[in-house]
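This report covers selected local features of one protein chain. Please look over the sequence and the model before reading on.

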Amino acid sequence: MKIGILSDSHGSALAWETAVSKIFKDCDMIIHAGDILYHGPRNPLPEGYNPARLAEFINNSQIPVIFARGNCDAEIDSVLINYPVQAPYAFVFVNGKSAVITHGQELNSDQASELAVKYGSDLIISGHTHIPLMENINGTLFLNPGSCALPKGGPGRTVAVWENDTITIVALNTGEIWKQVTI
């Protein structure tokens, strides 16, 4: 199974469309770690900001989507999107691995480790920082795909792909691999 992972789209229909058409086109599922439609009061408008169009793209997606609620996601987002926006966590079991998805705004590293132990997770997926990260701590991979719309570090706009036992963070504009690990 191949899974596309992104976070912090912040209403950018362009970011979603680019991710799906370039990187996720043959994925079986998409995981979104929050901050879906709204840009947030501290963020600039991302390129391609059009939350209504983004909601339309999501609702017409041929690929099923799992969402975790972000700190910029409001109740109205759940009305506009035809998928549940789950809080504080969403869970998936794929490729023989379990994953907890959370936006991460209320999670420090100790809490994330406790969460991994509590749920027996192989993978914790978060967003919020807009900075891509892959770090193995005590046998659990902590993944932040960065932001597909408003990057704050790394190689610019990024997403991740999880295929079998390999997770890859990819630069959205170029398709170049930024980091890759086996879990």
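Helices (H or I, at least four residues) and strands (E, at least two) are DSSP runs, numbered from the N terminus. The model described here is predicted.

## Backbone features

Pro-88 sits in the loop between strand E4 (85–86) and E5. The peptide bond that leads from Ala-87 to Pro-88 is cis, and its omega is near -5°.

Asp-8 is not a glycine, yet its phi is positive, at about 55°.

## Second largest pocket

The second largest pocket holds about 170 Å³ of space. Both Ala-87 and Pro-88 are among its lining residues, together with Tyr-89. The lining also includes Arg-69, Gly-70 and Asn-71, as well as the run Thr-102, His-103, Gly-104, Gln-105, Glu-106 and Leu-107.

By class, the lining of this pocket has 4 nonpolar, 6 polar and 2 charged residues.

## Packing of H1 and H2

Two packed helices are described by the angle between their axes and the distance between the axes. For helix H1 (residues 13–23) and helix H2 (residues 51–59), the angle is about 30° and the axes are 8 Å apart. Angles under 35 degrees count as roughly parallel, and H1 and H2 are therefore roughly parallel to each other.

On the H1 side, the contact is made by Ala-13, Trp-16 and Glu-17; on the H2 side, by Arg-53, Leu-54, Phe-57 and Ile-58. The contact of H1 with H2 comprises 5 nonpolar and 2 charged residues, with no polar ones.

## Aromatic pairs

Rings of Phe, Tyr and Trp pair if their centres lie within 6.5 Å. By this rule there are 4 aromatic pairs. One of them is formed by Phe-91 and Tyr-119, with 4.9 Å from centre to centre and 65° between the planes, an edge-to-face arrangement.

Which parts of the chain does this pair link? Phe-91 lies in strand E5 (residues 90–94) and Tyr-119 in helix H4 (residues 109–119), so the pair joins distant parts of the chain, 28 residues apart.

How values were computed. Residues are numbered from 1 along each chain as its sequence is written. This is a predicted model: local features need pLDDT of at least 70, side-chain atom pairs count only at pLDDT 80 or more; totals for chains, interfaces and linings use all residues. Side-chain values use heavy atoms; hydrogens and water are left out. On a 1 Å grid over the protein atoms alone, a cavity is a set of points where a 1.4 Å probe fits but cannot get out, and a pocket is an open set with protein on both sides within 12 Å along at least five of seven lines; lining residues have an atom within 4 Å of a point. Grid points are joined across faces, edges and corners, and a volume is the space filled by probe spheres set on the points. Ala, Val, Leu, Ile, Met, Phe, Trp, Tyr, Cys and Pro count as nonpolar, Asp, Glu, Lys and Arg as charged, and the others, Gly among them, as polar. Axes are lines fitted to C-alpha atoms, for helices over the stretch in contact, and angles run from 0 to 180 degrees between N-to-C directions. Angles under 35 degrees count as roughly parallel, over 145 as roughly antiparallel, 65 to 115 as roughly perpendicular and the rest as oblique. Contact means heavy atoms within 4.5 Å. Rings of Phe, Tyr and Trp (its six-membered ring) pair if their centres lie within 6.5 Å; planes under 30 degrees apart count as stacked, over 60 as edge-to-face and the rest as tilted.
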